[in-house]
Amino acid sequence: MTSHEPNRLTQASLHNLATGIARPQYDRNEVSTGIVHLGIGAFHRAHQAVYTDSILAGGDHSWGILGVSLRSADTRDALAPQDGLYIVATRDGGGDSFRVIGSIGKVLVAPEDPEAVLAAMTDPDVRIVSLTVTEKGYCYSPASASLDESHPDIVHDLANPAVPRSAIGFIVEALARRRADGTAPFTLLSCDNLPSNGETLKRVVIRFAELRDPGLGEFIGANVAFPSTMVDRIVPATTDADRDAVTNSTGLRDAWPIMTEPFTQWVVEDHFPSGRPAWEKVGVTFVDNVDVFELMKLRLLNGSHSTLAYLGYLAGHETVSDVMKAEGFSTFIEAMMDEEITPTLPPLPGFDLEAYKAELRQRFRNPALRHRTWQIAMDGSQKLPQRLLNTIRKRLEAKQPFDRLALGVAGWMRYATGVDENGDAIDVRDPLASVFKERTAGKASASELLDAYLGLQQIFGDDLPNDDQFRSVVGMALEQLLREGAARVVVART
Ligand code: CS2
């Protein structure tokens, strides 16, 4: 379905690309599919697909990616007329650079044809199924990270295993079919921001499989590898202005280019019994255990990001770089990293944590990215436990202060009421948004709101709502936020 628009990016129009822009230096017709990726959003296209493009360029053509959208047709509709090609624009204050990526062949839209997705996943040449389905795509309860058996998609997929809706349903059905066909299982590669993401995926997949058939659960436990990974690259949503800028600079129109930063990191546990690309040749770090890296990234980067997003949004700032420029925020976040988060991290011998943190703050300041606070604020119910609450648990255990982390949590509570500091509506995007609305309706005081939120066991667990210190420190922060507004509280607390 190549496009016939005059200057649209396609395989045939690549010769019109402005000179000096990197493009696939391999014959894409020779590439076979070795990876099925579930959740083909902007992050995957800025990260794993770029590393894999370098693998293909290095001459190993057996690792092409077939992308699957579990919900919307948008990505397929943008990429199909472009023969799967798209442009990654890397931006910092010093200007943009561009690269055309060719590692994604076909994109399937699961709800249109679940059988086509299962056929791809049962192809013996496919040896890896990777995922970026975001936290909520795991259909689990965020506090316990175990399968939410009452999740509507899980209920549906247990009743209709051959026409699944969820990533978990697709994975288990594909593994069951491979087992029946005598095809070796694929390796499952979670690339979402969850602690021990491979372990988490394994737990959820095995539980779902057991509910279908205990023997299948046992088979998966014994035969399928779930290496954990730490992924990192900041990827703001693409805007129409970005599309125009990319067209102007490259000479070709890409319906959905990807905007990102120069920084990229991928740390992966080396456990791929069915084989893997030699990603170590293109910048990926392989380790025995990724947990320490993942905790560091989730708590320092994502914990700070969410805190800046909630407090920054409330203070009226549109992007993370705007927040970093506003009075007090940069000092606040530096102190939060150094005094409250760093002491909770397991040691990482030989790793320069100070340089890592300084670089993080520099990345947040990137003026060219325009990463919206609203974008990061999405799905707070799914993000809070691993980004802020587990860190607070560590501080409580060590009997150490956590006032800044608590302000981040209170910022989320304030944000999730759905009304900003001017009395205007906030478009709260979260699987629990309607629950927040119901619970907080008619409640104005900090203590009423605190009670309403802490009743959400799936976020706060059983421990935090019963911890007097947690209640009082978060309650005080919320009280202060309601009274003084985020901008003043941040300055007061630096
Ligand atoms: C962000 C992440 O949107 C968010 O929640 O915190 O997407 C963040 O940009 C990435 O994890 C960076 O690797």
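**Exercise 1. Classify the accessibility of both partners in the salt bridge of glutamate 339.**

Solution. At 46% relative accessibility, glutamate 339 counts as partly exposed, a class lying between buried (under 20% relative accessible area) and exposed (over 50%), with a 1.4 Å probe and protein chains only. The partner is arginine 404, and the closest N and O atoms of the pair are 3.3 Å apart. These two residues connect distant parts of the chain, since glutamate 339 lies in helix H12 (residues 329-341) and arginine 404 in helix H16 (residues 403-416), 65 residues apart. Arginine 404 has a relative accessible area of 14% and is buried. A salt bridge here requires a side-chain nitrogen of Lys or Arg within 4 Å of a carboxyl oxygen of Asp or Glu. Helices are DSSP runs (H or I, at least four residues) and strands likewise (E, at least two), numbered from the N terminus.

The model is predicted: local features need pLDDT of at least 70, and side-chain atom pairs count only at pLDDT 80 or more, while totals for chains, interfaces and linings use all residues. Residues are numbered from 1 along each chain as its sequence is written, and side-chain values use heavy atoms, leaving out hydrogens and water.

**Exercise 2. Determine which helices are linked by the salt bridge between arginine 471 and aspartate 451.**

Solution. The closest N and O atoms of arginine 471 and aspartate 451 are 2.3 Å apart. Arginine 471 belongs to helix H20 (residues 468-484) and aspartate 451 to helix H18 (residues 446-454), 20 residues apart. Arginine 471 is partly exposed at 24%, and aspartate 451 is partly exposed at 46%. Elsewhere, salt bridges with shared partners join Glu115, Glu173, Arg177 and Arg212 into one network. The whole structure contains 32 salt bridges.

**Exercise 3. Describe the linings of the cavities of 30 Å³ or more.**

Solution. The search finds two such cavities. On a 1 Å grid over the protein atoms alone, a cavity is a set of points where a 1.4 Å probe fits but cannot get out, and lining residues have an atom within 4 Å of a point. Grid points are joined across faces, edges and corners, and a volume is the space filled by probe spheres set on the points.

The largest cavity has a volume of about 50 Å³. Its lining has four nonpolar, four polar and two charged residues, including Arg363 and Arg370. For these classes, Ala, Val, Leu, Ile, Met, Phe, Trp, Tyr, Cys and Pro count as nonpolar, Asp, Glu, Lys and Arg as charged, and the others, Gly among them, as polar.

Notes:
On a 1 Å grid over the protein atoms alone, a cavity is a set of points where a 1.4 Å probe fits but cannot get out, and a pocket is an open set with protein on both sides within 12 Å along at least five of seven lines; lining residues have an atom within 4 Å of a point.
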